Amino acid sequence: MALTQQRKQEIMSEHQTHETDTGSCEVQVAMLTERISKLSEHLKINKKDHASRRGLLQMISRRKSLLGFLQRLDKPRYQALIARLGIRG
């Protein structure tokens, strides 16, 4: 369920704002979105895995918080990010 180092690098290169950016809101939300999708697939198969379900809810909450911060900070960046990631239909 953990992301491989190679996949993390791909996500960072797609969403970073400058060359050495590894922790901006966009990168963090993209990483969380990837982990959430993988964990959601796991939970479709393993319905009784309540510990992972709790972790999923924590990740969703953290992503929601970061998106709220980004929305307050810079509305166009927020709109571009959710369109790029395909979240919040």
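Visitor: What should I know about the model before I start?

Guide: It is a predicted model: local features need pLDDT of at least 70, side-chain atom pairs count only at pLDDT 80 or more, and totals for chains, interfaces and linings use all residues. Residues are numbered from 1 along each chain as its sequence is written, and side-chain values use heavy atoms, with hydrogens and water left out.

Visitor: How many helices and strands are there in the chain?

Guide: Start with the definition. Helices (H or I, at least four residues) and strands (E, at least two) are DSSP runs, numbered from the N terminus. Here the chain has four helices and zero strands. The order from the N terminus is α-α-α-α. Along the principal axes, the C-alpha atoms fill a box of roughly 40 × 30 × 20 Å.

Visitor: What share of the residues of the chain count as buried?

Guide: Buried means under 20% relative accessible area, exposed over 50%, and partly exposed in between (1.4 Å probe, protein chains only). In this chain of 89 residues, 35% count as buried. The chain exposes about 6000 Å², and carbon and sulfur atoms supply 52% of that area. Accessible areas come from the Shrake-Rupley method with a 1.4 Å probe; for residues, only the protein chains shown count as cover.

Visitor: How do I read contacts along the chain?

Guide: Contact means heavy atoms within 4.5 Å. Take the contacts in the chain with a separation of 6 or more: residues 24 or more positions apart account for 49% of them.

Visitor: Which residues of helix H1 are buried?

Guide: First the general idea. An α-helix has 3.6 residues a turn, so residues three or four places apart point the same way. Now the case. Helix H1 covers residues 5-15, and Ile 11, Met 12 and His 15 are buried in it. They cover an arc of only 100° around the axis, which puts them on the same side of H1. The arc is that of the directions from the helix axis to the C-beta atoms. The buried residues of H1 pack against helix H2 (25-45) and helix H4 (75-85).

Visitor: And which residues of H4 are buried?

Guide: Tyr 78, Leu 81 and Ile 82 are the buried residues of H4. Down the axis of H4 they fall within an arc of 90°, so they line one face of the helix. Pro 76 and Ala 83 are exposed on the other side of H4. The buried residues of H4 pack against H1, H2 and helix H3 (50-73). Just after H4, Gly 86 takes a positive phi of about 75°.

Visitor: What is Leu 81 in contact with, leaving aside its neighbours within four places in sequence?

Guide: Its partners are His 15, Glu 26, Val 29, Leu 67 and Leu 70. Leu 81 lies in helix H4 and counts as buried, at 0% relative accessibility. Its C-alpha atom is separated by 10 Å from that of Gln 71, ten residues apart along the chain.

Visitor: How many positive and negative side chains does the chain have?

Guide: Lys and Arg count as positive and Asp and Glu as negative; His and the chain ends are not counted. The chain has 17 positive and 9 negative side chains. The centres of the two sets lie 11 Å apart. The place of a charge is taken as NZ of Lys, CZ of Arg, CG of Asp or CD of Glu.

Visitor: How many salt bridges does the structure hold?

Guide: Side chains of opposite charge can pair when their charged atoms come close. A salt bridge is a side-chain nitrogen of Lys or Arg within 4 Å of a carboxyl oxygen of Asp or Glu. The structure holds four.

Visitor: Which residues are linked in a network of salt bridges?

Guide: Arg 7, Glu 10 and Glu 34 are. Arg 7 meets Glu 10 at 3.0 Å, N to O. The two are three residues apart in helix H1, separated by about one helical turn. Arg 7 also forms a salt bridge with Glu 34, with the closest N and O atoms 3.1 Å apart. Arg 7 lies in helix H1 and Glu 34 in helix H2, so the pair ties together parts that are 27 residues apart in sequence.

Visitor: Is Glu 34 buried or exposed?

Guide: Glu 34 is buried, with a relative accessible area of 18%. Arg 7 is partly exposed at 24%, and Glu 10 is partly exposed at 33%.

Visitor: Where do Lys 44 and Glu 41 lie?

Guide: Both lie in helix H2, three residues apart, about one turn of the helix. Lys 44 counts as exposed, at 53% relative accessibility. Glu 41 is partly exposed, with a relative accessible area of 45%.
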